[in-house]
Amino acid sequence: EIDKSLNLNPAQQLFKHDSDDFLKKYSQFAVEIVCETYFTGNTFFPTEKIWRPILLKTPFIVQGPTNFLKNLRNLGFKTFHDFWDEGYDDDPHTHSIHEITRLVDTLAKEPAEELNWMLYNMQDILEHNYNRLVELNEANSRNTA
């Protein structure tokens with residue numbers, strides 16, 4: 001039921017009321033495919049879409065503009081090139097989607113044991129990215145206070 005007293009749209013309320021269920025299901029993701037809002041041109045505009053897997057310590061593949069991952073690394077984040085091919089980041093958007101599809105198909109064919117091994121061995125990266133985002137947020141809070 002939608003609470004009309006809240007200043008939220010129904011989609012936000014659904015997330016609020018179902019957050020425990022969402023987090024339970026989300027924790028089962030092996031990887032999140034992030035489809036950034038801006039994926040063409042010479043731009044780097046990370047949105048909440050990339051921050052979610054970082055905050056929830058989930059590996060990600062990003063459908064974004066060319067060099068999106070490179071720009072994330074320039075901000076001090078780590079990506080997953082040791083575990084899968086991130087060459088799609090160098091491609092123009094018209095081609096990167098095909099490479100991302102190929103990558104997802106490859107990961108989908110991996111045995112569960114291999115995916116579990118990857119997730120286990122990614123923990124340092126996931127922790128690093130979480131801590132880096134917290135660090136950037138704290139630095140931003142100090143600069144705007």
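This is a predicted model: local features need pLDDT of at least 70, side-chain atom pairs count only at pLDDT 80 or more; totals for chains, interfaces and linings use all residues.
## The largest pocket

Three helices, α2 (19-26), α6 (112-121) and α7 (123-144), each supply at least two residues of the lining of the largest pocket (a helix is a DSSP run of H or I, at least four residues, and a strand a run of E, at least two, numbered from the N terminus). On a 1 Å grid over the protein atoms alone, a pocket is an open set of points with protein on both sides within 12 Å along at least five of seven lines, a cavity is a set where a 1.4 Å probe fits but cannot get out, and lining residues have an atom within 4 Å of a point.

The largest pocket has a volume of about 230 Å³, taken as the space filled by probe spheres set on the points. It has 14 lining residues, and Tyr26, Ser27, Gln28, Phe29 and Thr58 are the closest to its centre. By class, the lining has 8 nonpolar, 5 polar and 1 charged residues.

## The cavity

What is the count of cavities of 30 Å³ or more? The count is 1, and the largest cavity holds about 30 Å³ of space. Among its lining residues are Val62, Tyr88, Asp89 and Ile100, with β2 (60-63) and α5 (93-108) each giving at least two.

Residues are numbered from 1 along each chain as its sequence is written, and side-chain values use heavy atoms, leaving out hydrogens and water.

The mean pLDDT (the predictor's confidence in each residue, from 0 to 100) of the chain is 87.

Technical notes
Ala, Val, Leu, Ile, Met, Phe, Trp, Tyr, Cys and Pro count as nonpolar, Asp, Glu, Lys and Arg as charged, and the others, Gly among them, as polar.
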